[in-house]
Amino acid sequence: MVVCSVVVRRLLAAAPAAPRHVFTGLRWVTSTPVKFNERKYTDKHEWVQVDGKIGTIGITHYAQDALGDVVYAQLPDPGQEFSQMDECGALESVKAASELYCPVSGKIVSKNTEVEDTPGLINKSCYEKGWLFKLELSKLHELDGLMDEAQYEKFLKTDDH
Amino acid sequence: MQPLLRYWAAGLIRYDKAYKIQKLLASRHQTQKAQNVILLVEHPPVYTIGIRTNPYPIDEEERLRRLGADFHRTNRGGLITFHGPGQLVAYPIVNLKELNLGVRSYVCLIEKAVMRTCRHFGVDSVRTSKEPNETGVWVSNAKICAIGVHASRFITSHGLALNCNTELSWYRHIVPCGLVGKEVTSLTKLLGQNVTVQQVAPVLVRAFCDELNCTASNFTHEEQQEILKEIL
């Protein structure tokens with residue numbers, strides 16, 4: 001169905017925060033604008049917070065509670081590249097090493113050395129001081145497939161989490 | 001009907017061969033052949049370490065190899081430990097998501113299964129510890145069972161090592177699990193009578209089934225052979 005571009009522009013102006021449907025030639029393209037600093041979540045209980053092209057990654061409160069006291073963090077090194085959902089490190093707690101997954105594709109720019117020295121920060125401050133690593137996203141559109149906060153909260157209430 | 005816990009008492013197997021079996025069983029969880037399995041083995045003498053590698057550089061590895069033991073660096077949690085004849089090593093390869101278990105509750109479940117097993121043989125004073133580096137099963141100040149596991153995409157590997165009639169002098173060459181001043185013990189040492197891996201293994205399987213509300217089901221000879229062929 002062909003829609004007049006003027007109508008499209010008026011529709012976009014009326015709903016700026018909604019998913020934007022942009023008519024580009026013969027294809028409709030949808031992109032959800034990422035609100036500045038909004039966290040997105042994976043079903044592996046990791047979060048990513050994007051600022052421009054740099055994402056900060058950590059684990060959620062649910063995850064740190066399920067792990068128990070973290071005694072060691074094996075984090076990816078700057079320069080390493082990963083695809084979405086690649087295993088990229090591990091956290092050790094109660095003699096269990098649990099894999100970390102890269103929630104979005106990209107190249108590591110830094111790891112949190114504070115957490116390497118004091119792994120307990122992950123339990124005490126999983127969204128702030130307990131961040132794990134930062135990467136430069138190579139495929140920003142992957143964020144569209146992750147859950148927002150409301151969706152993640154809902155996910156936690158299901159049997160599938 | 002209760003879900004099944006498949007088990008395979010595979011006898012004396014080298015550490016790396018058993019690890020190949022573990023990896024194959026774990027990979028099956030990603031396909032139609034998914035089953036929760038517990039692999040029970042004994043190993044020829046071997047020292048193993050987990051992901052915290054810093055305390056164990058190459059000269060430490062060489063020192064331990066000179067004693068006549070093998071040495072492996074693994075991806076499990078926990079520090080250095082010893083495996084050898086007379087010690088029941090059990091590797092549960094299970095799906096934590098399916099069992100509705102987090103990693104912490106899974107490790108707790110292993111501890112409970114081991115404590116049940118020890119009590120069956122008359123060792124009533126088994127305990128666990130809340131200190132994160134003291135995970136495992138203890139009798140007073142001595143550890144009778146070490147635990148070190150790995151979880152990837154909800155599938156577990158590695159597991160536990162319960163001393164039945166292990167030659168405990170092998171532990172003198174390391175600080176087991178990095179805990180200075182603690183001892184190790186075995187069922188045989190505590191009871192003053194010989195308790196073998198063969199006697200303990202079925203009791204441990206039953207204990208896991210009790211904790212998981214599962215029914216035990218042995219691997220058939222054909223299933224065992226299929227796996228052994230695949231890892232060649």
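First, a term: helices (H or I, at least four residues) and strands (E, at least two) are DSSP runs, numbered from the N terminus. This is a predicted model, so I kept to its limits: local features need pLDDT of at least 70, side-chain atom pairs count only at pLDDT 80 or more, and totals for chains, interfaces and linings use all residues. Residues are numbered from 1 along each chain as written, chains are lettered from A and ligands numbered from 1 in the order written, and side-chain values use heavy atoms, without hydrogens and water.

**Entry 1: the annotated span.** I looked up the record for chain B. An unreviewed UniProt entry gives "domain: BPL/LPL catalytic" for residues 32-216 of chain B. Such annotations may be inferred rather than shown by experiment; positions are in the numbering used here, and feature names are shortened. I found this span to be 25% helix and 29% strand, with its end C-alpha atoms 20 Å apart.

**Entry 2: the interface.** Val94(A), Lys95(A) and Ala97(A) supply 34% of what chain A buries against chain B, more than any other three residues.

**Entry 3: salt bridges.** I applied this rule: a side-chain nitrogen of Lys or Arg within 4 Å of a carboxyl oxygen of Asp or Glu. The whole structure holds 17 salt bridges over all chains. Three of them cross the interface of chain A and chain B. In one salt bridge, Arg52(B) and Glu92(A) come to 2.7 Å, N to O.

**Entry 4: within chain B.** I then followed Arg116(B). Arg116(B) forms a salt bridge with Asp210(B), at 3.6 Å between the closest N and O atoms. Arg116(B) is in helix α3 (residues 103-120) and Asp210(B) in helix α5 (residues 197-212), so the pair ties together parts 94 residues apart in sequence. Glu211(B) also meets Arg116(B) in a salt bridge, at 2.8 Å. Arg116(B) is partly exposed at 39%, as is Asp210(B) at 44%. Elsewhere, Glu61(B), Arg65(B), Asp70(B) and Arg73(B) are linked in a salt-bridge network.

Definitions and conventions
Buried means under 20% relative accessible area, exposed over 50%, partly exposed in between (1.4 Å probe, protein chains only). Buried area is the accessible area (1.4 Å probe) that two parts lose on being put together, summed over both.
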